[in-house]
Amino acid sequence: MAAEKTTGIVLRVIPFSETSCIVTMFTRDFGKVTTMAKGARRPKSPFEAALDVLALCRIVFLNKNPDAMGLLTEAKLERRFRSATRSLDRLYAGYYIIELLNSLTDDGDPHPELFELSNQVIEQIDSTEITEEEVGFTLLNYELKMLEILGHLPMLTKCVSCGREKTTIARVSFGLNAGGILCGSCRGGESNIVSLSPDGLQFLLEMVGGQIGEQSRNSDNWNGQRQELFNANDNQNSQRELEGRESLSGATVWNPELENKELVDADAAGMEPDRCLKEVRRLIHKYITHLLGFQPKLYKFLGNL
Ligand SMILES: [Zn+2]
């Protein structure tokens with residue numbers, strides 16, 4: 001019987017019998033793993049205080065066969081989730097990450113990149129590295145990266161059905177069934193359509209491109225980054241689309257009295273990031289609900305974020 005060593009995030013701890021626990025973890029090397037921790041509830045447990053939800057642990061377990069529950073033999077605490085006693089909003093955010101990992105990943109299906117991402121985001125949420133106001137944005141960023149890693153990221157640059165490039169600056173139709181934006185011709189027969197504003201779509205595109213959050217919104221290269229994003233879209237419509245977006249993003253663009261720096265600031269203000277963030281979070285929550293076939297329980301507790 002092979003002893004497996006890995007690092008895991010504790011997702012669930014269920015008491016079993018008088019002295020034991022059943023522990024589910026999302027591990028770096030084996031994906032989601034459920035093991036029996038014998039004697040974990042005894043006063044002098046070999047696992048000490050490692051088995052707490054959202055804690056990061058180094059573990060050793062015996063895996064008899066893939067269909068049977070493994071046996072946890074060692075768990076050493078690497079990092080505890082301390083916000084559990086300090087901030088309800090941060091705790092809910094942590095629980096939401098657990099719910100997503102539980103619902104969107106399968107047992108024994110490793111995703112090391114998702115493990116690293118989840119570990120990093122849990123640590124951020126539990127630290128003063130981000131403010132309480134930034135937790136919502138951090139969660140959206142996590143949701144999008146998770147969807148990308150798991151192959152569920154929606155199509156956002158062209159019609160998911162016919163592949164036609166988006167050329168208008170009007171609101172777009174996002175098909176939950178189709179998994180992306182739909183052109184006017186293709187949206188006809190589709191159900192489960194959500195309308196998305198042009199600013200919301202652009203915000204989403206820039207988040208997916210990693211261009212919001214890693215650089216200051218008002219930095220001098222903000223427009224340069226946007227330019228790069230649209231240049232990457234190498235088709236004849238891209239320039240037309242870019243012009244449409246530029247004129248959309250603020251009427252001040254054509255005012256010759258404004259200095260370049262002010263243009264950047266006015267442009268950023270025109271984005272109304274809070275409104276875009278809310279709109280895009282609502283859309284992604286609908287999309288995840290549609291993917292899962294049920295609404296995550298934690299949504300109703302994330303309202304303040
Ligand atoms: Zn189409």
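This is a predicted model: local features need pLDDT of at least 70, side-chain atom pairs count only at pLDDT 80 or more; totals for chains, interfaces and linings use all residues.
Strand 6 and strand 7 run antiparallel and are joined by three bridges. They belong to an open sheet of three strands, with the order 7-6-8 and antiparallel pairing. Strand 7 and strand 8 are the edge strands, each pairing on one side only. From one strand to the next, the twist averages 45°. In general, the strands of a sheet pair through backbone hydrogen bonds, in either a parallel or an antiparallel way.

Two helices are placed against these strands. Helix 4, residues 198–208, lies across strand 6, strand 7 and strand 8, and runs at about 95° to strand 8. Helix 8, residues 273–292, packs on the sheet and touches strand 6 and strand 8. The direction of helix 8 makes about 165° with that of strand 8.

Glu 279 is placed in helix 8. The relative accessible area of Glu 279 is 10%, and buried means under 20%, so this residue counts as buried. Leaving aside residues up to four places away in sequence, Glu 279 touches Arg 171, Ser 195, Leu 196, Ser 197 and Gly 200.

## The zinc site

Four cysteines coordinate the zinc ion through their SG atoms: Cys 159, Cys 162, Cys 183 and Cys 186, at 2.2 to 2.3 Å. The angles among the four donor atoms are 102 to 115°, and the site is tetrahedral. For four tetrahedral donors, the ideal angle at a metal is 109.5 degrees.

Along the chain, the donors follow the spacing C-x2-C-x20-C-x2-C. Cys 162 and Cys 186 are 24 residues apart and link distant parts of the chain. Cys 162 is in the loop between helix 3 (135–149) and strand 6 (172–175), while Cys 186 is in the loop between strand 7 (180–182) and strand 8 (193–196). With a relative accessible area of 42%, Cys 162 is partly exposed.

## The nonpolar cores

The largest nonpolar core has 55 residues, of which Leu 139 and Tyr 142 touch the most other members. Two or more residues each come from strand 1 (3–16), helix 1 (88–104), helix 2 (112–125), helix 3, strand 6, strand 8, helix 4 and helix 8. Helix 1 gives the largest share, nine residues. In soluble globular proteins, nonpolar side chains tend to be buried together.

Tyr 142 touches Ile 97, Leu 100, Leu 101, Leu 114, Leu 117, Ser 118 and Val 121, not counting residues up to four places away in sequence. Apart from the largest core lies another core, of 16 residues, among them Met 25, Leu 51, Ala 55 and Cys 57.

## Strands 1, 4 and 5

Strand 4 (residues 56–62) pairs with strand 1 in the antiparallel sense over seven bridges. In this pairing, Ile 9 stands opposite Leu 56 in strand 4. Strand 4 also pairs with strand 5 (residues 70–79), again in the antiparallel sense and over seven bridges. Here Ile 59 stands opposite Ala 75 in strand 5. Strand 4 is mostly covered, with five of its seven residues buried.

## Two residues with positive phi

Most residues other than glycine have a negative phi. Ser 17 has a positive phi, near 55°. Ser 17 lies in the loop between strand 1 and strand 2 (20–27). The relative accessibility of Ser 17 is 47%, which counts as partly exposed.

Leu 54 likewise has a positive phi, near 75°. Leu 54 lies in the loop between strand 3 (31–37) and strand 4. At 2% relative accessibility, Leu 54 counts as buried.

## The chain as a whole

The chain has eight helices and eight strands. Of its 305 residues, 48% count as buried. Among contacts between residues at least 6 apart in sequence, 61% join residues at least 24 apart.

Key. Residues are numbered from 1 along each chain as its sequence is written. Side-chain values use heavy atoms; hydrogens and water are left out. Donors are N, O and S atoms within 2.8 Å of the metal (3.2 Å for Na, K and Ca); water is not among the atoms, so sites may look incomplete. Four donors count as tetrahedral if all angles lie between 85 and 135 degrees; four count as square planar and six as octahedral if opposite donors are over 155 degrees apart and all others between 65 and 115; anything else is irregular. Helices (H or I, at least four residues) and strands (E, at least two) are DSSP runs, numbered from the N terminus. Buried means under 20% relative accessible area, exposed over 50%, partly exposed in between (1.4 Å probe, protein chains only). Two strands pair if DSSP finds at least two bridges between them. Axes are lines fitted to C-alpha atoms, for helices over the stretch in contact, and angles run from 0 to 180 degrees between N-to-C directions. Contact means heavy atoms within 4.5 Å. A nonpolar core is a set of buried Ala, Val, Leu, Ile, Met, Phe, Trp, Tyr and Cys residues joined through side-chain atoms within 4.5 Å.
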